Amino acid sequence: MYKGVLELALMRLLQDGAQYGLKILDGLHEEAGLDLSEGTLYPLLHRLEKAGLIKSEWRHEAEASHPRKYYGLTPAGATELKAQGDIWLEMTERLNAFLKRGN
Amino acid sequence: MGAQDETDINTWLGYLEQVLAPLPASEREDIVVEARAHLEERVAAGLSATSALAGFGKAEHYARAFLDDHALTQALDSRRALTMAKTLFGVAGQSLIATLGLIAFLVFGTTTIGAIACLLLKFARPELINLWPGSERLGNGLYPVLVAIAVIDAWLARFSLVLALKGLKGRPDRE
C-alpha cells in the first residue's frame, strides 16, 4: 500500500508543475512527509514514464551546471491521479472513522 | 567539488553504466546523466560524495529496477511463451506474482501436452486408450474433447505468463 501512496503523492506533486528529481525528493519530504531515497525515486519515475502517466524533458537552465530532467504529469496521469486519489480519500475517511469509533 | 568526491562519483557512475549495458544506449545515457546531475548538485550543496551516493545504494541494486523493467517489456513484446517463462523464472525468487504465473503456466502447459499426447495415442493406437475404468465412454467424441482441452489450456498457459508479466510491470519494484 505504501508503494501506491508514493505514486499518488508523486503524481499529486507533479500536478502543481513539472519538477526534476532532486526537487521532487525535497518536495515529497517537506510537503508530504515522505522520505524517499534516490534509489526508490528514479526507478519509480522511470516506470511511471513508461506507463505514460508522466513525461520528461531535459532543460538547460542558466543557474545549473548540468541539464536537468524535468517530469510533468500527462493527461493520462491526471486521470489516474483523480481515480486513485478518490479511492484513497474514501478509504482513509472510512478507516479514520473506524479507528476513532468509541473514542 | 573535491578530487576524492569526483573520483568516487565517477567510479560509481562508471560501474552503473557497465551494469546497465543491456539497456538501449539512449536510455542508459539518460539514467547515468540524470544520476550525475543529481549527485553533483547534492555535492555542490555541501554533501559529501559518500553521503550523496548512499541515497542511490549500490550501483547494481540501483540498476536492477531499470533492468527488470526492460526485461519484462522485452518479454511481453516478444510474444513468445518460452521467452516470457524464462524472464519470469529470472525474477521468481523475488516475486510471488512471478512464481504463481510460472506455476499456472506449468500446470496448463502440462495438461496441454497431456491432451495432445492422448489425442495422438488415441489416433495411432485406439486400443491402448482407456481413460476411464471400464469401457471407453466417449468413443470418437474424445477427439473434440481433447482438442478443446489442448486449445483452452494452451491459451490459459500463455495468458498466465502475460498476466504475471503485466502484474510485475505494474509494481514499483519486486520484493
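**Second largest pocket and the fold of chain B**

Helix 1 of chain A supplies five residues to the lining of the second largest pocket, the largest share. The model is predicted. The second largest pocket holds about 240 Å³ of space. Its lining counts 15 residues. Closest to the centre of the pocket are Leu8(A), Ala9(A), Arg12(A), Leu13(A) and Ala32(A). Three elements of chain A each give two or more residues to this lining. These are helix 1 (2-15), helix 2 (21-32) and helix 4 (75-99).

Nonpolar residues number 10. Two lining residues are polar, and three are charged. Space of this kind is found by rolling a probe the size of a water molecule over the atoms, which shows where empty space is left.

Chain B was examined at the level of the whole chain. Its secondary structure consists of seven helices and zero strands. From the N terminus on, the order of elements is α-α-α-α-α-α-α. Chain B has 175 residues, of which 38% count as buried.

Note on methods. Residues numbered from 1 in each chain as written. Chains lettered and ligands numbered in written order. Predicted model: local features only at pLDDT ≥ 70, side-chain atom pairs only at ≥ 80, totals over all residues. Heavy atoms only, no water. Helix = DSSP H or I, 4+ residues; strand = E, 2+ residues; numbered from the N terminus. Buried < 20%, exposed > 50% of the residue type's maximum accessible area, 1.4 Å probe, protein only. 1 Å grid on protein atoms, 1.4 Å probe; cavity = no way out; pocket = protein on both sides within 12 Å on 5 of 7 lines; lining within 4 Å. Points joined across faces, edges and corners; volume = space filled by probe spheres on them. Nonpolar A, V, L, I, M, F, W, Y, C, P; charged D, E, K, R; others polar.
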